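Good morning, and thank you for coming.

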Amino acid sequence: MIDIGYDAAHLLGALVLMTSFALLYQRRLFSLLNVFTIQALALSGAAAWQAYAHDEPHLYITALLTLTLKAIAIPVALHRIIQRLHIERTVEPALGIGLTMVAGVSLVTLSILLVLPVTENATALTREDLALSLSVVLLGLLMMISRRNAVSQVVGFMSIENGLILAAVGVAGMPLVVEMSIAFSVMVAFIIFGIFLFQIRERFETLDVRKIESFRGESD
Amino acid sequence: MTLLFVALLALFALAVVGVAARRSPWVGTAVYGGTATACGLIGLWAVGALVGRDGAVAAVLPIGVPWIGVHLRADGVSAFFLLVVALGGVTASLFGWGYERAHEQAADHSGVHSGGESGPVLPFFPLFLAGMSLVLLANDAFSFLVSWEFMSLTSWLLVLSTHRDPDTPDAARLYLMMAVLGTLCLLLAFGLLVGTGGDYRFDAIRQHPPEAGAAALVVLLMVLGAGSKAGLVPLHVWLPLAHPAAPSHVSALMSGVMTKVAVYALVRVLFDLLGEPVWWWGGALMAAGAVTAVMGVLYALMQDDVKRLLACSTIENIGVILIALGLALVFKASHTPVIAALALSAALLHVVNHSLFKSLLFFVAGAILTATGTRDLNRLGGLIHRMPTTAVLALIGAAAISALPPLNGFVGEWLLFQAILNAPALPEWSLKIGIAVVGAAVALAAALAAACFVRLYGIAFLGRPRSAEAGRAGEVGRAMLAGMAIPAALCVALGVLPTFVIRLFEPAVRAMVQAGPFDDRSYQPWIWLAPTSAIGNSYNGLILLGMIAALSVALVLAIHRWASDRVRRSIAWGCGHDGDDPAALSQYSASSFAQPIRRAFGGTVFNARDRVEMPEPGDTRPARLTVCWTDPAWAFLFTPVRRAVNWLADHADALQFLTIRSYLTLMFAALVVVLTLVAVVRS
């Protein structure tokens, strides 16, 4: 039973990490959203599995929140935004796939090298989970700085948040209040992002942040 | 210890009095009288502690950081340096009282209402004294650094008390920056000393001295931190600007006493806290001291401002003290403690000597400033006729600082040379040769210092007045004369009977090097100063005094008998200076007196150039000699550093206008770097 619990949790965590890698090289906004949905589903599955395996019912709430917010509400809302802004066909300039993958793999290596020695006396699952979630956070950051489109930056931010939830799920005894507040802050952030996207679009007729930068009186 | 606390509390209370009663006419008398009394008490306590040899006394005050408190401890070294502070405090209070009254009267007389010119001095003067005493008493790194910074800030405020003077704000800013730099170095040094244990008490540090690498770094940081306060070349640049800017009695304290507190910091850490020394610490200290001594006196020779000249001469004396400390470290490291005690005695004797004659000379400068209103040597002259008592006292000070027997400056340098002459006993060849070079540098510095003070005394007191103010000068008041007479008398006493004072601070020496300077001499006649030595030299101040007195009397009689009664004729154009010569400017000026030395050293060291502007025949303009020189410390160190800082600031400014993505990238990079560091350190 323990073995299966460990393997399943590991599998789901690794799935979240894999989707983070997949996010890195998506050039179409819709496929980006689809991958993000898969990540949220995997995360929700991870939370539910932890709740089941460790008999911590409050983690079901986490799983439910993640499912409704991350896997349904936000992707749908972003879909609608993209449609209303008519940027379905935007091809986004990302870094070269090879380069991004190399950077991502080295970040994962870094977080494994960092987390494993630091948490020597924690359980194996916690250690693996922490390493995975730190990797997801770093990959999300990498995505935020390698993209120029505001929508994909929003997605990068959300995937950072996914990494945090993954850590919270993995570490036993994380209070529900913290998870709730994280969920709500993500909600608020999402609303603000949405409003800003429309405002930016109205003002500058584009969501390419390069164009916005030129309005600050500088040229790059 | 109770007496000490009472005196310290009194100093703090006097600061409150200085603020609260600043409008009343008696506040100056009250504050200066109070500081003199408090310093007298501190001095008495210190002498008692040194004579009684009753070991160290310690106390913990429940103030300051919660659960840590303030640890105080007074051993022989602290008591000795407290005595130096107390002597300086008493004389500076006495002189300062007369000095400020004279300036107030002058201000009333000329109708210019100074508007509390002395106001800013009164509250900070006792605080400055208290700060210096607390540094000497501190027994944990935390209270040491706080007192050190307190001392720096109060002295900075005292410098700023002359803020109406156009040069003062720049000098004060430079001082503040150097003080911050010095404290930063000390902070890091104590951080290394404490290590990871987190016990800031000196007792704990003494138990667990840092290992070799950290100790080397501590030595470096201490020399930089304490050196910047003491005036180590090239960190001396603030000293010739800030010391003269303060009122004269404060200048005397800053130059004569505060630099000694920095020396105390060096002694405390290098000899006490760091445990067993390594020979190259002393070597480095000696090299720095030799450069400081020679450069300091060369700076002094270049100056035309009396107080600035004295401040530069402080740099030279600090160099001499550092050389003696370095020698003591070297001998302590090579396990010849008696010679180390000899060198340390020379250092401590020079500490007390320099505090005496530098205070005296700064008081003389203050008296000159009071009487003539100027500090420019080229506007002085002939003061020996108008200020005869000051002139005699100034002569004692000048002779003492030039290391002429039988005054105290000679004894200090004589002891130092006894230690230097023992250098062949050392095992390291680099030290055997290096110490000989250092000895040559000390000799050069001493000779140049003599030239420097012949110049100061000759230009200011001899000859004829070079300005109307110098011609109108009168003798200063009794309080100021008494303030000068005490250190002058002590200069003579220490020169004639040095054995007593060396015996007095023997407990301090013993605490630092575990030996006394007279340990291997079974027979010690009280009047002969005969320390241990490979050569077996000895010094007797009384015989020297008698001989010099007899020879002087004989010389004076001979001159009167065979030279003075000759008929003297003066040529009509008056260059023989007989009668009423209209052109007092035809005398030697300060610049012309220094010209030979400026030519010999200044061309290479200071890039000094004399430019003579000779008008065409028939032109009625006077010919002009312009001397220009550059300070190597500024040219090669501080100006490049300032340029680099400006360049960095200009380029860092661009960080303010980056795009959001660039900021995110920077944060991301910083995060990755930190994580990598943690990963590397952990593995």
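Helix H10 of chain B, residues 248-273, and helix H13 of chain B, residues 337-372, have axes that come within 7 Å and cross at roughly 165 degrees. Axes here are lines fitted to C-alpha atoms, for helices over the stretch in contact, and angles run from 0 to 180 degrees between N-to-C directions. Helices (H or I, at least four residues) and strands (E, at least two) are DSSP runs, numbered from the N terminus. H10(B) and H13(B) are therefore roughly antiparallel to each other, a term for angles over 145 degrees.

Which residues make the contact? Among them are Ser248(B), Ala252(B) and Val263(B) of H10(B), and Val351(B), Phe362(B) and Leu369(B) of H13(B). Two residues are in contact if their C-beta atoms, placed from the backbone, lie within 7 Å. By class, the contact of H10(B) with H13(B) has eight nonpolar, nine polar and two charged residues. Ala, Val, Leu, Ile, Met, Phe, Trp, Tyr, Cys and Pro count as nonpolar, Asp, Glu, Lys and Arg as charged, and the others, Gly among them, as polar.

A word on conventions. This is a predicted model, in which local features need pLDDT of at least 70 and side-chain atom pairs count only at pLDDT 80 or more, while totals for chains, interfaces and linings use all residues. Residues are numbered from 1 along each chain as its sequence is written, and chains are lettered from A and ligands numbered from 1 in the order in which they are written.

Buried means 20 or more other C-beta atoms within 10 Å of a residue's own, exposed 12 or fewer, and partly exposed in between, with C-beta atoms placed from the backbone.

Chain A itself has eight helices and zero strands, and 40% of its 220 residues count as buried.

Finally, Ala58(B) lies in strand E1 of chain B, residues 57-61.

Notes. Angles under 35 degrees count as roughly parallel, over 145 as roughly antiparallel, 65 to 115 as roughly perpendicular and the rest as oblique.
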